[in-house]
Amino acid sequence: MTAHKINIKHTLGLILIFIALIFPSDLLAQRMRGGGGGMRGGGGSRSVSRPTHTPSRSKQAARPSTSQRTPKRSINGGSTKTKSRDFSNKKKTTNRSTTNKTRPNTNNRATTGQGKVTNRKTSNVKNKTTNRAGNKSGNKIGNKTGNNNRVGNNTRIGNNNVNINVNNRNTYVRGGSRAYVRPPYRYGGFGYYCHRPYFYHPYTPFYWGPVYHPWGFFVATLATTAIIVSITNDDTNEKEEYNYENGNYYLKTEDGFVAVQAPIGAEVPEIPKEAQKVEVDNSTNYYYGGAFYEENKDGYIVVPATAGTIVPGLPEGGEEVKIGDVTYVQFGQTYYQPIQVDGKDMYEIVEVKQEG
Amino acid sequence: MKKPLFLLSILLSSYLSFSQTDKTIDSTAVFVLDKMSDIIGDLTSVTFDINTSVDKVSASNNLIKSYSKTTVTFSGPDKLLVRTDGSRGQSGFWYDGEYFTYYNYDENNYVTLEAPDTTLEMIDQMHLDFDFTFPAADFFYPNFTDDVLEHFNTIKFLGKKTLDNEECYHILASNDNIDVQIWVSNKTYLLPKHFVITYKKESNRQYESTFSNWSLNPDVPDRVFHFLTPPTAKLINILKKS
């Protein structure tokens with residue numbers, strides 16, 4: 001009895017296959033009706049679903065062979081839709097897959113299959129690190145009074161690593177005391193606060209005069225008037241020694257000295273006359289070579305940048321970075337917004353706050 | 001012991017009642033959207049203009065409107081060119097299947113990034129990582145109608161309306177936060193003509209766009225989608241959103 005049933009099934013199956021071979025276009029038509037845009041729209045799926053030849057169709061002669069032409073690919077792989085849409089049921093449909101993604105993945109599309117050629121220069125992608133505005137954790141002054149009288153460059157010790165990059169430790173921003181009238185520019189969960197409106201101008205490093213050496217500048221020897229400034233790093237508790245001369249700070253290398261950014265906490269007896277006065281929270285600081293100085297009885301001490309301070313120019317070492325719709329100049333953790341004051345291109349130090 | 005069980009039952013019942021939220025879906029509206037989506041899905045390339053106005057809520061709760069005109073060109077699954085000119089400046093996107101470039105004409109600087117293999121994946125990634133917005137991109141997703149069905153409780157067909165001398169099907173999709181009105185042109189092809197998004201919980205601010213100058217399946221050279229750096233333009237870095 002069971003064998004008889006199997007034989008009947010086999011016979012029916014063979015008949016169906018025979019009918020299918022006789023009427024291929026009918027089957028195709030049924031598939032198209034139910035298949036939606038994915039079948040009609042093309043893309044990678046179209047060439048797979050379409051038979052290589054359909055001899056029973058009269059239109060075939062007019063259409064060029066699909067194997068000979070370059071397949072045209074849909075701009076989105078063809079529309080797709082869920083097959084069962086029951087509009088009589090007014091309740092929420094539950095047969096649709098829901099994912100956290102707001103948009104569908106489109107993995108059913110034929111891709112080029114070619115490896116990516118990486119010979120084009122691409123932008124660096126920056127990640128926002130924790131905001132350290134107002135979070136003083138920088139350097140301690142190693143020897144506030146003793147170093148100023150030390151002269152000479154022959155006793156260079158310790159770290160010979162050349163550092164011509166921006167040292168993040170020396171770029172944190174103190175929060176300003178003035179309230180911001182303007183709403184911040186918001187991007188990625190952070191608010192970027194400024195007192196003045198954004199006015200873009202290209203970043204071109206400022207040159208402070210003949211004695212100024214941009215960061216990374218190499219000199220074989222220093223004048224005997226150079227002094228050694230000793231700074232203790234709070235994080236590593238290591239002592240770092242810089243050579244200071246005419247507003248420039250140098251780290252010793254094997255062959256000579258390389259100019260670096262001013263270390264926060266460094267105290268020097270004098271700064272170049274080209275230093276500009278800048279208003280910082282109703283007090284006056286001096287600005288030279290990208291560093292801010294506060295005057296005290298012993299001389300000048302390098303202090304962190306304060307948000308809201310307006311500076312006329314920026315040294316080398318900055319990078320222009322696109323943050324949403326605006327382009328800032330970034331030095332480590334400090335962002336400078338391009339602004340215009342009385343027709344002159346300037347920069348304002350941005351206060352970055354994490355938004356609740 | 002009874003209290004937690006009671007709370008649990010309330011939670012369960014609220015969850016179940018939420019999952020059974022009433023939906024009002026008009027089959028005519030869905031048919032029109034499906035048809036429009038099918039036509040878009042059938043395109044191998046397309047160029048169109050889109051005029052957009054966007055409301056922004058200011059700090060003092062005023063609505064500030066900005067306008068822009070964008071020309072968009074899709075070609076195949078992995079080519080896109082977008083040129084925008086508006087009150088917020090002039091900019092462009094180039095995507096050639098390998099690299100994505102954003103160029104700001106006013107600032108004369110640009111960002112070039114390696115990009116996914118397909119246009120829609122690229123749009124997703126650039127929006128997610130860097131907040132780039134591509135006008136009317138939703139219409140070009142293959143399951144546009146499914147997206148509408150999933151995110152809106154009410155989808156209505158409001159009848160035929162004439163807009164800019166074109167007969168259009170007027171469709172409304174609505175949920176608690178957003179109303180979307182779409183006018184689909186009935187002129188030869190069912191293509192989007194106009195749409196308005198109203199953000200009901202954000203001072204009813206609106207995003208409004210009008211499509212024009214549709215060119216279907218134009219033959220666009222691939223080199224068009226390759227960004228050619230202007231001589232003085234500067235490559236800059238970019239901050240990831242999160």
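A:Val350 touches A:Tyr192, A:Tyr193, A:Cys194, A:Ala307, A:Tyr328, A:Tyr335, A:Tyr336 and A:Gln337, leaving aside residues up to four places away in sequence. Keep in mind that this is a predicted model. A:Val350 also belongs to the largest nonpolar core, which has 102 residues. A:Val350 is among the residues with the most contacts inside that core, along with A:Ala266, B:Ile155, B:Ile171 and B:Val184. Helix α2 of chain B, residues 27-41, gives this core its largest share, 6 residues.

Now look at the two chains in turn. Chain A has 356 residues, and 32% of them are buried. Its secondary structure comes to 4 helices and 22 strands. Take the contacts in chain A between residues at least 6 apart in sequence: 70% of them join residues at least 24 apart. Chain B has 242 residues, with 38% buried. It holds 4 helices and 14 strands. For chain B, 46% of the contacts between residues at least 6 apart join residues at least 24 apart. The C-alpha atoms of chain B fill a box of roughly 75 × 50 × 40 Å along the principal axes.

Next, follow a sheet that draws on both chains. It is an open sheet of 7 strands, in the order β1(A)-β14(B)-β18(A)-β19(A)-β20(A)-β21(A)-β17(A). The pairing is mixed.

A:Lys277 stands opposite A:Tyr286 in β13(A). The hairpin of β12(A) and β13(A) has 2 residues between the strands, and A:Asp281 takes a positive phi near 50°.

Move on to β14 and β15 of chain A. β14 covers residues 291-296 and β15 covers residues 299-303; 5 bridges join them, and they run antiparallel. A:Phe292 has A:Val303 in β15(A) as its bridge partner. The loop between β14 and β15 holds A:Asp298. Is A:Asp298 buried or exposed? It counts as exposed, because it has 12 C-beta neighbours inside 10 Å, and a residue with 12 or fewer is classed that way. The C-alpha atoms of A:Asp298 and A:Val268 are separated by 7.9 Å, although the two residues are 30 apart along the chain.

Chain A has another run of paired strands. Here β7 (residues 227-233) and β8 (residues 239-245) run antiparallel, joined by 6 bridges. A:Ile231 stands opposite A:Glu240 in β8(A). β8(A) also pairs in the antiparallel sense with β9 of chain A, residues 248-252, over 3 bridges. There A:Glu245 stands opposite A:Asn248 in β9(A). β8(A) and β9(A) form a hairpin with 2 residues between them, and A:Asn246 in the turn has a positive phi of about 50°.

Finally, return to helix α2 of chain B. The axes of α2(B) and α4 of chain B, residues 144-151, come within 8 Å and cross at roughly 145°. α2(B) brings B:Val30, B:Leu33, B:Asp34 and B:Ser37 to the contact, while α4(B) brings B:Phe144, B:Thr145 and B:Val148. These residues divide into 4 nonpolar, 2 polar and 1 charged. An α-helix has 3.6 residues a turn, so residues three or four places apart point the same way.

Which residues of α4(B) are buried? They are B:Phe144, B:Thr145, B:Asp146, B:Val148 and B:Leu149. The buried residues of α4(B) pack against β1 (24-25), α2, β8 (154-163) and β9 (166-174) of chain B.

Key: Residues numbered from 1 in each chain as written. Chains lettered and ligands numbered in written order. Predicted model: local features only at pLDDT ≥ 70, side-chain atom pairs only at ≥ 80, totals over all residues. Core = buried A, V, L, I, M, F, W, Y, C linked by C-beta atoms within 7 Å. Buried ≥ 20, exposed ≤ 12 C-beta atoms within 10 Å, placed from the backbone. Contact = placed C-beta atoms within 7 Å. Pairing = 2+ DSSP bridges. Axes fitted to C-alpha atoms, helices over the stretch in contact; angles between N-to-C directions. Nonpolar A, V, L, I, M, F, W, Y, C, P; charged D, E, K, R; others polar.
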